[in-house]
Amino acid sequence: MVYNEKQIGLFRRHSYISKAVAFTIAYIISGLFCISQLSVPPEHYSLMWLPSGIGLLMFLVLGNSAFFWVLLASFVINSFSYVQHNIDHLNYFRLFLCLINALIDVFQALIEWKIALKIERSQKQPFFSKNVQIVSFFLFVCLIPAIITSGILIMVKKFERLEAIDFATFLRLSIYLVIGNTVGIMLVAPLFWARKMKQVNEAENRKFPIGITGVLIAIILLSFYQIPSIVFLIIPGLVFLARRGNLLHSIIVTLIICILISFGTANGLGFFGTHFNSEASFETVLFLLPLMFILYIGTILFAELKQHEEKLQSLVDESVNRMEISEQRYRMLAENIGDVIWVLNLTQEKFTYISPSVFQLRGITVEEAMLETIEQTLEPQSVKQVFEKIKMATNYFQENPGEKKYYHDELQQYKKDGSLIWIETVTHLMLNKNEELEVIGVTRDISDRKEAEKIKLQNKARLRELNATKDKFFSIIAHDLMSPFNTLIGFCGLLVRQAEANDMNAVTLSAKLMQDSAEKTRGLLKNLLEWSRTQTGRIPYNPEQINLQNILQEEIELLISSAKQKGIELQINISINTNVYADKYMLSTVFRNIISNAIKYSYQGGFITVAVEKDQSNWLFAVKDTGVGMSPKVCKSVFIIGAHSSEVGTQKESGTGLGLILCKEFVEKHGGKIWVESTVGLGSTFYFTLPSITV
């Protein structure tokens, strides 16, 4: 069927109207749902304001024309809100305020749309396919517009009341509005990009996301009516979903979880509904917002790791295929020009014929080869193998004289210079014209094939090791990322309650503790990222002549404040003119991690020494501390990922254990080695070497 332009235009118009009406209805229904079920004091603002995300979605789908539809839907919701809150009728003043609030909602969705389009156009890869894109979306599309419009809404509320709003109320209203709008946008708007990415990140097993979603819903419902604390089991469930699902699955499941938990909280059900105060929905959102980030970031992280794994597997397969092709070519060449044909007379116990190609194989002439015995030409184990095979073949030949049976063996044979080569022999027995029993054989050199088999086994072992390391890496992510996020969640709830109590000193202290937790989380993610980049070869290696004194001075300046807090003295025993040939970034990372560890595990008033020596071929570096020390068992495991968990420092400082893993990777990248010598209670000394190279 062929459509004319008028029919196509009519079809597009009907499609546009149906989308606009559907989005408007969804906007109004979600707003009414939030007001009736999820709104809490103060001012009955919804903490999970779904329309804030639907408004952005309408602009993404409908473009500039969404202005009218968002305005209409928001005006209806605001009008309903005034009636809902015991206002008998809507006068002109109330209708005017409804219009102002609706315009603010439209303004927020409009600026979110413009920012989102700009970010999307700046990306070389599809939007929402990298974790950095999620962070950008959260900051610039969700958080900043919500902060701007929250201030405007509060001013409108002040105009409505015709009275002053104190700072505590202003802060409380701002936090409620910002977090509510942010959650709404993060829940709904990413569906637009996730749907576009559906074919790119399609899950291999479609039944698994459906099954885990059902389990998560069952856990939440069980927490409502039986065991409230069981709700925290959704965290490992979300980790499994992130590993096996795609972004669309993650966002849909997040939406379902947020609605269920918030609904239960509003109705006094579940952990949050029974354990917190009347404003428990706020704490609920503080719990749900990190869950959203864990699921979104985890989904993309696992997708990226899977891509790296597939790339690595492809490289291994390509290497194995090349080796197999090389082996086939060698076989063809050997069969044509490199094979040695020979005849061993068992009755006379000597060789009666050897082809001239023996010179290419062993470097000896035919005459020299004819004078050798089996014991002289083969290594002892191969001699034993040959005599056993000859005995077995002779017995079989005597029992079956009319049958020609071939025997294949792999042996080691001496060359003229005394070195050993691997050979493959194909032999059979026959009687000559004198009725003497002879062995007719063909020998070919298979040293290259044996080496290729060895390399193939090494590649398989390396692949198994990488897979095991990858599993340990997943374990570290699932374990180490939980603790700082839980700390942040706890302090967020505490910060809000302190702000409500107008205890600014406590607010300052809580904010400082939150900043420390965030810094530790950033350090963990940085180490994880750097370790991942070393495994995939994405960190460039750029060695150059660098001055050790300058490198150490830069790192000491970064760490001196930590040392002074514990009264630790740092002593550098390195000449000003000491230059080494190394990668500046990698060497700085090694020094920074080792010295910061020494500070962390040293007692108050301790002493740390950094020294360097040089022999004919290497630089030897030593970082010695007077700290807690380590047992021999711990010394062996500190450089192996997953073999040892990081201990807390002398002042309860935490770590991830990845710093020393990076040090090992970087030192070995230079061709050096790293080790530690330590005694419990007396301190530790970390040593590493770098080749002494002059350029």
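What volume does the largest cavity have? About 400 Å³, in what is a predicted model.

**View 1. Inside the largest cavity.** A search of the whole structure turns up nine cavities of 30 Å³ or more, and the largest has a volume of about 400 Å³. Its lining takes in 28 residues, and the closest to the centre are Trp342, Phe351, Leu378, Leu411 and Thr425. Sorted by class, the lining has 18 nonpolar, six polar and four charged residues.

View 2. H16 gives the most, with five residues.

**View 3. A nonpolar patch on the surface.** Phe107, Val135, Leu139, Phe140, Ile144, Ile148 and Ile152 make up this patch, and together they have about 540 Å² of accessible area. Helix H5 (residues 131–161) gives the most to the patch, with six residues. Take Ile148, which is found in H5: its relative accessible area is 42%, so it counts as partly exposed.

**View 4. The Glu372–Arg362 salt bridge.** The structure holds ten salt bridges. In this one, the side chains of Glu372 and Arg362 meet at 2.9 Å, N to O. The pair links distant parts of the chain, ten residues apart: Glu372 sits in the loop between helix H14 (366–370) and H15, and Arg362 in helix H13.

**View 5. Glu424 meets Arg449.** These two side chains form a salt bridge at 3.4 Å, N to O. Glu424 lies in strand E6 and Arg449 in helix H17 (residues 447–480), so the pair ties together parts 25 residues apart in sequence. Glu424 counts as buried because its relative accessibility, 13%, is under 20%. Arg449 is buried too, at 5%.

View 6. Lys450 and Glu453 meet in a salt bridge at 4.0 Å, N to O. They are three residues apart in helix H17, so about one helical turn separates them. Lys450 is partly exposed, with a relative accessible area of 21%, and Glu453 is partly exposed as well, at 33%. Through salt bridges that share partners, Glu410, Glu424, Arg449, Lys450 and Glu453 join into one network.

Technical notes: Residues numbered from 1 in each chain as written. Predicted model: local features only at pLDDT ≥ 70, side-chain atom pairs only at ≥ 80, totals over all residues. Heavy atoms only, no water. 1 Å grid on protein atoms, 1.4 Å probe; cavity = no way out; pocket = protein on both sides within 12 Å on 5 of 7 lines; lining within 4 Å. Points joined across faces, edges and corners; volume = space filled by probe spheres on them. Helix = DSSP H or I, 4+ residues; strand = E, 2+ residues; numbered from the N terminus. Nonpolar A, V, L, I, M, F, W, Y, C, P; charged D, E, K, R; others polar. Patch = residues over 30% accessible without salt bridge, like charges linked within 9 Å, V, L, I, M, F, W, Y side chains within 5 Å. Areas by Shrake-Rupley, 256 points an atom, 1.4 Å probe, with all protein chains shown as cover. Buried < 20%, exposed > 50% of the residue type's maximum accessible area, 1.4 Å probe, protein only.
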